[in-house]
Amino acid sequence: MHPEPTTTDPRGLLASVFGFPGFRPGQEEIVQAVLAGRNTLAIMPTGGGKSLCFQLPALCRAGVTLVVSPLIALMRDQVRALRAAGVEAGALTSGNTEEETEAVFQALDEGRLKLLYIAPERLASAATLPMLRRIGVRLIAVDEAHCVSQWGHDFRPDYLRIGEMRRMLNVPLAAFTATADAETRDEIVARLFDGQPPETFLRGFDRPNIHLAFAVKDSPREQILRFAAARKGQSGIVYCGTRAKTETLAQALREAGHLTAFYHGGMEAEERRRVEIRFQQEDGLIVVATVAFGMGIDKPDIRWVAHADLPKSIESYYQEIGRAGRDGGAAETLTLYGPDDIRLRRSQIDEGLAPPERKQADHGRLNALLGLAEAVQCRRRVLLGYFGEESEACGNCDLCDRPAQVFDATDAVRKALSAILRTGEYFGAGHLIDILTGNATPKVRERGHDGLPTFGVGRDLSKPAWGAVFRQMMGRDLVRPDAERHGALRMTEAARPVLRGEAPVLLRQDTVDKAAPRVAVKMQVAEEDAGLLSALKAKRRALAEAAGVPAYVIFPDRTLIEMAEARPQTLDAMMGITGVGAKKLESFGAQFLSVITGAGEERLHPARMRLAGRDAGAIYDRLEEEQVRLARGEDGIGKHLSCTHATLRQIAERRPSTLSELAQITGMGEQKVERFGAAFLAVLND
Ligand code: ADP
Ligand code: ZN
């Protein structure tokens with residue numbers, strides 16, 4: 001017998017099931033290791049494509065792969081996406097209906113199920129282990145493996161049972177996480193692998209598709225409205241520092257004509273869940289939220305994230321912007337900040353209940369973020385540098401787009417420090433600026449500050465320019481607001497060398513974003529393709545609504561963009577689009593094709609559909625032509641004969657080279673070989 005086209009080759013399945021032309025960086029090595037049955041730990045940034053690293057091996061390997069994942073909502077989405085791609089997957093969670101659970105067990109009993117998702121709570125049940133033994137689990141995959149860490153913020157006690165389960169089942173385990181710090185990694189190895197180091201893959205932190213930008217607050221509401229207006233119709237998140245602000249900003253965005261919802265921890269759980277579901281399923285919704293919005297969302301096609309207020313640390317910043325563009329498509333971010341943010345974040349740390357070392361560390365993380373905000377060179381280099389990675393200028397951040405203008409501010413900074421020290425470190429920036437610019441306000445006169453030697457020494461700079469100097473000094477941690485003195489600025493150790501004239505300071509020429517309110521809409525595709533793209537999106541929305549699934553489960557943005565640009569005219573060409581696998585071609589191909597061609601739906605016999613996009617497809621078509629031509633023989637008066645579609649498909653795939661090989665194909669009787677044989681072989685030899 002001839003072998004069927006290989007189905008257990010991971011590259012083949014990558015294309016035919018997931019519709020991806022190749023692996024993302026790092027995926028292939030991980031897939032190979034997992035496939036070979038080695039214990040593995042993969043640390044990859046969010047959006048790096050971790051799921052594929054266990055889904056693909058699960059399809060290639062015999063038996064069931066057990067997937068442990070912390071959140072029911074995420075699990076259900078993954079299962080839905082897998083099913084849409086034609087993969088037998090199921091979940092056992094407390095959110096299941098009885099029918100769903102029944103269907104999962106039936107698929108297990110029939111040996112069909114390839115991936116079984118299970119909530120960690122279920123591991124606590126005594127019935128679980130025998131069940132897993134019975135169904136033939138051959139591999140365990142642990143998503144968000146950092147949840148075993150007791151010191152992390154996502155600790156799940158039930159994750160501690162996974163190690164024991166691995167031992168009892170005696171199967172390989174593959175652990176995945178985006179959190180890479182060394183302590184967490186050690187804990188994962190200790191708890192999941194009994195301290196035996198697994199094969200470890202560490203993929204960098206870079207998310208090159210995310211554009212980075214910061215702007216100093218200057219009518220912040222207008223800044224956010226402008227940013228959103230330029231991205232109208234694209235899904236985005238606006239993070240705010242307070243609950244109240246989420247509601248007012250959502251209102252403003254709604255009035256500007258955007259599809260908007262707000263979300264914060266003060267809302268009823270049910271209401272929050274409703275917003276999460278809307279965001280997941282609707283196209284182009286903006287959610288204005290506090291940081292409470294995040295864990296429960298797994299939407300790969302978020303196109304932008306804006307911070308209306310400064311995040312609390314560089315880690316939070318990285319995590320929050322990282323929710324954008326997980327599908328690998330272009331995504332944009334904007335983070336607004338100002339002196340008030342710096343004061344607020346400092347006082348939150350100072351007034352918190354953490355022990356002193358912890359507060360010190362928190363100030364350090366905030367400093368790192370402020371350093372990024374006030375950066376004078378490529379932001380990605382600064383960001384990755386913080387995580388210990390070296391990189392070149394990225395070409396995808398605001399400072400690469402438009403280099404910063406810096407000036408030597410040593411003199412200005414020393415004047416400011418002197419004003420702070422001479423007033424006993426008891427005043428905020430406003431009063432200090434009045435002194436420097438020689439503005440004899442009543443408060444200045446009352447304190448006798450108009451008699452200081454620093455009075456009026458800073459007249460060369462305007463008031464806003466001094467504001468920028470003070471902000472940047474706070475950003476560089478040269479001065480810190482003191483919560484106990486109502487935010488009065490105090491000098492830090494870092495400022496001493498500057499004061500002594502030993503270290504020069506370069507500051508940015510004011511970074512206030514005065515960009516004209518030009519609302520050039522950022523398009524996902526060139527103008528001539530935009531109409532087609534929105535027609536394709538409308539089709540996607542209709543299909544998603546009918547099926548009750550998120551839009552990206554039908555096709556991600558990137559796939560629709562590629563369709564709009566490449567405009568495939570046949571189902572064969574459609575198969576060449578990234579994200580179109582065999583199952584999705586069968587389910588949706590014809591409908592999207594008719595949107596592109598404007599014609600009715602092209603219908604292909606299922607046997608032919610399976611060959612779409614392959615050489616065998618074209619051969620099939622020519623065999624079919626020959627068969628029509630010869631249906632009544634060369635002379636056109638013979639008995640009517642034809643082969644079934646299944647037979648033609650087998651001939652196209654197996655390519656017999658002789659009449660006797662052709663005769664072995666099911667359905668090719670003697671008469672048919674006689675009638676079609678020579679013509680078919682001619683096609684095949686061509
Ligand atoms: P995470 O690492 O955050 O879990 P996911 O597994 O959710 O990331 O993958 C993020 C997105 O990238 C998904 O939309 C997925 O379909 C897509 N993706 C994964 N691997 C590839 C690939 N090799 N080619 C194209 N897209 C991919
Ligand atoms: Zn850059």
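Residues with under 20% relative accessible area are taken as buried, those over 50% as exposed, and those in between as partly exposed. The legends below refer to a predicted model.

**View 1. Exposure of two cysteines at the zinc ion (ligand 2), C397 and C400.** C400 has a relative accessibility of 26% and is therefore partly exposed. C397, by contrast, has a relative accessible area of 0%, so this residue is buried.

View 2. Along the chain, the donors are spaced as C-x15-C-x2-C-x2-C.

**View 3. Division of the protein chain into domain 1 to domain 5.** Domain 1 covers 10-202, and domain 2 is made up of 210-337 together with 383-399. Domain 3 spans 406-513, domain 4 spans 539-603 and domain 5 spans 615-685. Between domain 2 and domain 3, the C-alpha centres are 33 Å apart.

**View 4. Packing of helix α6 against helix α7.** Helix α6 comprises residues 128-135 and helix α7 residues 161-169. Their axes are 11 Å apart and meet at an angle of about 40°. Angles under 35 degrees would count as roughly parallel and those from 65 to 115 as roughly perpendicular, so α6 and α7 are oblique to each other. The crossing of the two helices, α6 and α7, is right-handed.

Note on methods
Residues are numbered from 1 along each chain as its sequence is written. Chains are lettered from A and ligands numbered from 1 in the order in which they are written. This is a predicted model: local features need pLDDT of at least 70, side-chain atom pairs count only at pLDDT 80 or more; totals for chains, interfaces and linings use all residues. Side-chain values use heavy atoms; hydrogens and water are left out. Donors are N, O and S atoms within 2.8 Å of the metal (3.2 Å for Na, K and Ca); water is not among the atoms, so sites may look incomplete. Buried means under 20% relative accessible area, exposed over 50%, partly exposed in between (1.4 Å probe, protein chains only). Domain bounds come from an automatic or database domain assignment. Axes are lines fitted to C-alpha atoms, for helices over the stretch in contact, and angles run from 0 to 180 degrees between N-to-C directions. Helices (H or I, at least four residues) and strands (E, at least two) are DSSP runs, numbered from the N terminus. Angles under 35 degrees count as roughly parallel, over 145 as roughly antiparallel, 65 to 115 as roughly perpendicular and the rest as oblique. A crossing is left-handed if the near helix is turned anticlockwise from the far one by less than a right angle, and right-handed if clockwise.
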